[in-house]
Amino acid sequence: MARSSGNKNLSKDVQEAIVRGRINGMTNKQLAQQFQVTVQAVGQVWKRYMINKQVVVAPHPGRPVSTTRNMDRNIVRFSREDPRRNSTDIFKAVNSPYEPALSRRTVRRRLNAHGLFGRRPVKKPFISKKNQTASVAWAKAHLNWGRKEWAKHVWSDESKFNLFGSEGTKWVRRPIGTRYSPKYQVATVKHGGGNCMVWGCFSETAMGPLRRVNEIMDRYQYEDILENTMRPWALRNIGRAFVFQQDNDPKHTSLHVRSWFQRRRVVILDWPSQSPDLNPIEHLWKELERQLAGVRASNADEKFAQLEAAWKAIPLSVVHSLLDSMPRRCQAVIDAKGFATKY
């Protein structure tokens, strides 16, 4: 994107926003990235403000601005009220018979001038207040745990992989630096159809098995995975003192499965609900998606073969890096007060 070489092309609103940013402690480089101008242009705006104690915009020839200050405020307000509104929605909302006629392009320019650029939202699960509090408490309790403390733990999860393409793209309009703000995220839920569901696990010593889930997993199929896949592998690689991690999916916490854990004397790691950012196995699912991006499968059997091959090829160094990231994950959850993080 072309950048302005000086502040003469910047509107008064943008220059005032730059000044506010400097007053609030932002650097010239940060402001230049936000408003898509050069660092020198930001420096010139600040220098003139320090000399004149106000923003000064020299008059210049050209087409007059087609919007009033009131219209500009309404455009920005409508976008900030609902970041999912596109320029067409805002165009319809702000056009009035008592104001000059607007175009969608003008709406986009006004939004961009205020740092509201259309960007793809981060998809993160909805997290209730109760579970936010539980996640923060868990993160504080395990903040100083390193690879040594996690050595005997088995991490597990299930994930769905589509056979054909993606689930589609949605966009939101948000300021730079607000990628992980809950306001700009899209909640997702799991669903079936046209996909391959798998269960997997790993520990500090090795990548575990990847097991295909037939149709929708229930408590009986999950017990079969625990009995015939997870437990034999954990005993071989860790020993009887292993600690098993799972999320709080209803089939995982059912009376039937709890009874199995008691009979087999398997220790369960206490885990907060709705906390995928704390589970390092989520990174491995994303790694599989990256490796198989653009690789098509004609059926679920072919897809599982692709997933299993990619899963086995993940080096142990990746696992160690994920366990080393646990203190940072915990700190990120604490800082976000239980909301979703970059993990």
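**Helices on the sheet**

Reply: Happy to! Helix α10 (residues 281–291) lies across β3, β6 (195–202) and β7, at about 35 degrees to β3. Helix α11 (residues 300–312) also packs on the sheet, where α11 touches β3, β6 and β7, and its direction makes about 170 degrees with that of β7. Do keep in mind that this is a predicted model, in which local features need pLDDT of at least 70 and side-chain atom pairs count only at pLDDT 80 or more, while totals for chains, interfaces and linings use all residues. Residues are numbered from 1 along each chain as its sequence is written, and side-chain values use heavy atoms, with hydrogens and water left out.

Me: What makes something a helix or a strand here, and how are the angles taken?

Reply: Both are DSSP runs, numbered from the N terminus: helices are H or I with at least four residues, strands E with at least two. Axes are lines fitted to C-alpha atoms, for helices over the stretch in contact, and angles run from 0 to 180 degrees between N-to-C directions.

Me: Why are β7 and β9 said to stand at the edges?

Reply: The open sheet has 5 strands in the order β7-β6-β3-β8-β9, with mixed pairing. β7 (207–213) and β9 each have a single partner strand, so one side of each is left without a neighbour in the sheet.

Me: How do you know that β3 and β8 pair?

Reply: Two strands pair if DSSP finds at least two bridges between them. Strand β3 (residues 153–162) and β8 are joined by 2 bridges and run parallel, so the pair meets the definition. H153 stands opposite V243 in β8. Elsewhere, strand β1 (residues 116–119) and β4 pair in the antiparallel sense over 4 bridges, and the bridge partner of R119 in β4 is V172.

Me: Why are α5 and α6 called roughly perpendicular?

Reply: The axes of helix α5 (residues 87–94) and helix α6 (residues 104–113) cross at roughly 105 degrees and come within 9 Å. Roughly perpendicular is 65 to 115 degrees (under 35 is roughly parallel, over 145 roughly antiparallel, the rest oblique), and α5 and α6 are therefore given that name. S87, T88, I90 and F91 in α5 meet R104, V107, R108 and L111 in α6; contact means heavy atoms within 4.5 Å.

Me: What about α1 and α3: at what angle do they cross?

Reply: Helix α1 (residues 12–23) and helix α3 (residues 39–52) have axes that come within 10 Å and cross at roughly 80 degrees. That makes α1 roughly perpendicular to α3.

Me: Why is T229 called buried?

Reply: Buried means under 20% relative accessible area, exposed over 50%, and partly exposed in between (1.4 Å probe, protein chains only). T229 has a relative accessible area of 13%, so T229 is buried. T229 sits in helix α8 and touches W199, P209, R211 and D224, not counting residues up to four places away in sequence.

Me: What puts the buried residues of α9 on the same side?

Reply: In helix α9 (residues 255–264), the buried residues are V257, W260 and F261. They cover an arc of only 95 degrees around the axis, which puts them on the same side of α9; the arc is that of the directions from the helix axis to the C-beta atoms. On the other side of α9, L255, Q262 and R263 are exposed. The buried residues of α9 pack against α8 (219–237), β8 (243–244) and β9 (267–268).
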